[in-house]
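Here are some notes to read alongside the structure. Keep the 3D view open and look up each residue as we go.

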Amino acid sequence: MKLTHPIRFTALALLIVVLFALDLAVGSVSIPLREVWASLTGGEVAASTAKIVRSIRLVKAVVALLAGAALAVSGLQMQTLFRNPLAGPYVLGISSGASFGVALLLLGAPLLGLGGSSLIASFGMAGAAWVGAAVILTMVAILSRRIKDIMVILILGMMCSSGIDAVVQILQYLSSEGALKSFVIWTMGSLGDVTTPQLALLAVAVVIGLVLAVAVIKPLNLLLLGEQYARTMGLNIRRTRRMVFLSTTLLAGTVTAFCGPVGFIGLAVPHLARMLFREADHRILIPASALTGSAVLLVCDLISKLFTLPINTVTALMGIPIVVWVVWRHKTIA
Amino acid sequence: MIRLENLTLGYADRTLLKQVSTSFEVGRLTALIGRNGSGKSTLLRALAGLNTEYKGQIMLGEEEIRQLDAHTLSTRLALVTTERVRIANLRCRDVVALGRAPYTNWIGRMQEEDRQLVEHALEVVGMSAFSDRTMDRMSDGECQRVMIARALAQQTPIILLDEPTSFLDLPNRYELCRLLSQLAHEEQKCILFSTHELDIARTMCDSIALVDNPHLHHLPTEEMVQSGLIERTFGLK
């Protein structure tokens, strides 16, 4: 590790603190930082202000922090596993699986006349999305047990997700206007629909997912040289794939369940981290991607609040230039 | 030492080797030669434990290779493939350090001894000056030498190389084979490499294994040269 790395990590951490504070201050009502601080520490401030900061903005900012780290780390793992710079958390069909779950709930249930049933309401969109994502990834994981070539798994994952997208479109086509609108809004993503108990669940899933990602640091480093080399250097490929898939389900699957499909963070941030740190070693890249992801998603949230745009359009508009910039500057990418 | 016992190797519709028995000893440099598509790479992949679709046995010492787990195998043999590895931001030293993977802890932490072995391996292949350079800024030949240094850092008694000379110019080809020969003799390693360079095989190796489908002729170099098998297989006068 070079001496400059601790400096970079510290700078990123400070940046996140600043962005986090700004994220609490900025919104439909702008609250001065002093009052934000007072609300958090229980100081003297209007009750309505304290309520906004604590139960709305704080939850949302923590969601941005967790979701950014989760998407970036799962994207990094996918890029290394598939040795493909264009891979991201959604290449194996997680977002398609999640939208399928939500589509079944929002569009399919009314079609079957189950619209208002309390069972479905309590299950919720997050539950439906999570189950959808987990089912798809389990399917891909089972298929991949019999497949040696990682590229075949990538293609299978992409085909699975395209197939499911088609089914989702059929559901959309058959649905009523109202149901369709709630579904389309879900696909635009939102960091603000997470309740406090859900946040606890999200935090636990993300932490476990990140721990798993840290556990596969050495396998991921070996995979940089490709599966053949990795195997001759003692890597258990199947075990590694299982762990990476599980980590990705927990990270990207849970984030998608609670926030909808948030695009481009998982694809762009690992490249940004590689460029900031000039490293290929996952001992650096995993924490670097996590921190960069948090920072970028906080920035996206700020922009989405300032211009009242859905988060997904902001991440796309931010992420695309990053990828273009990286590709342009380096001409080659890892 | 690698011992083949009645090895039958091939694909569903094509048998490459049939009932082959021979052995590759430590302290010897062996060239594996044969026409294109004769199965040199397939054989090397089987010997490295990457291809388990064969009949008969491949013995590493007393154990069949399919019975060894990945970690044990990685302490017995190292492989250098023809695959071009070019990763941005990955420094030569880090690549060679990956060769220490079988011996490092869960996160790949390097001890002082590991670091010395990495530096030594880079020195042996003449790449010390490049250790801080990244792989995307090196020539094919330089990358090849780094991958060989990685195999050396793995400290295995057996090293398999698939066409290690293919990216190198003439002086470097001889230099590399001299290096492999030195490693085989001085460090008592069993080194087997596939090549299309008949001259190198004839002048620098202790023995030659010639794939003549479905046979594998394995003889000491001098006997192989005198047997006329090479000329017959390659259709030379």
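The points below walk through chain A, then chain B.

1. Before you start, please keep in mind that this is a predicted model. The notes describe that model, and every value in them is computed.

2. Let's begin with the nonpolar core. The largest one has 174 residues. Among the residues with the most contacts inside it are A:Ala67, A:Ala70, B:Val96 and B:Leu160. Helix α3 of chain A, residues 47-81, gives the most to this core, with 16 residues.

3. Now zoom in on A:Ala67. Which residues does A:Ala67 contact, leaving aside its neighbours within four places in sequence? They are A:Leu191, A:Val255, A:Cys259, A:Val262 and A:Leu297.

4. You will find A:Val262 in the loop between α11 (237-259) and α12 (265-277) of chain A. Is A:Val262 buried or exposed? It counts as buried because it has 30 C-beta neighbours inside 10 Å, and the cut-off for buried is 20 or more. Not counting residues up to four places away in sequence, A:Val262 touches A:Ala67, A:Leu71, A:Gly189, A:Val255, A:Ile311, A:Asn312 and A:Thr315. For a sense of distance, A:Val262 and A:Leu298 are 36 residues apart in sequence and 13 Å apart in space, C-alpha to C-alpha.

5. The loop between α11 and α12 of chain A also holds A:Phe264. Its phi is near 70°, a positive value in a residue other than glycine. A:Phe264 is buried, since 23 other C-beta atoms lie within 10 Å.

6. Next comes α12(A) itself. It is mostly covered, with 11 of its 13 residues buried. The buried residues include A:Ile265, A:Leu267, A:His271 and A:Phe277. Just after α12(A), A:Arg278 takes a positive phi of about 45°.

7. Over to chain B, where six strands form an open sheet in the order β6-β7-β8-β3-β9-β10, with mixed pairing. The edge strands are β6 (77-80) and β10 (215-220), each pairing on one side only. Direction ignored, neighbouring strands of this sheet are turned by 15° against each other on average.

8. Strands β6(B) and β7(B) run parallel and are joined by four bridges. Here B:Leu77 stands opposite B:Ile158 in β7(B). Helix α1 of chain B, residues 40-47, lies across β3, β7, β8 and β9, running at about 150° to β7(B).

9. Finally, two backbone details in chain B. A cis peptide bond joins B:Asn213 and B:Pro214, with omega about 0°, and B:Pro214 lies in the loop between β9 and β10. In strand β2(B), residues 14-24, look for B:Gln19. It has a positive phi of about 50° although it is not a glycine. B:Gln19 is partly exposed, with 15 other C-beta atoms within 10 Å.

How values were computed
Residues numbered from 1 in each chain as written. Chains lettered and ligands numbered in written order. Predicted model: local features only at pLDDT ≥ 70, side-chain atom pairs only at ≥ 80, totals over all residues. Helix = DSSP H or I, 4+ residues; strand = E, 2+ residues; numbered from the N terminus. Buried ≥ 20, exposed ≤ 12 C-beta atoms within 10 Å, placed from the backbone. Contact = placed C-beta atoms within 7 Å. Pairing = 2+ DSSP bridges. Axes fitted to C-alpha atoms, helices over the stretch in contact; angles between N-to-C directions. Core = buried A, V, L, I, M, F, W, Y, C linked by C-beta atoms within 7 Å.
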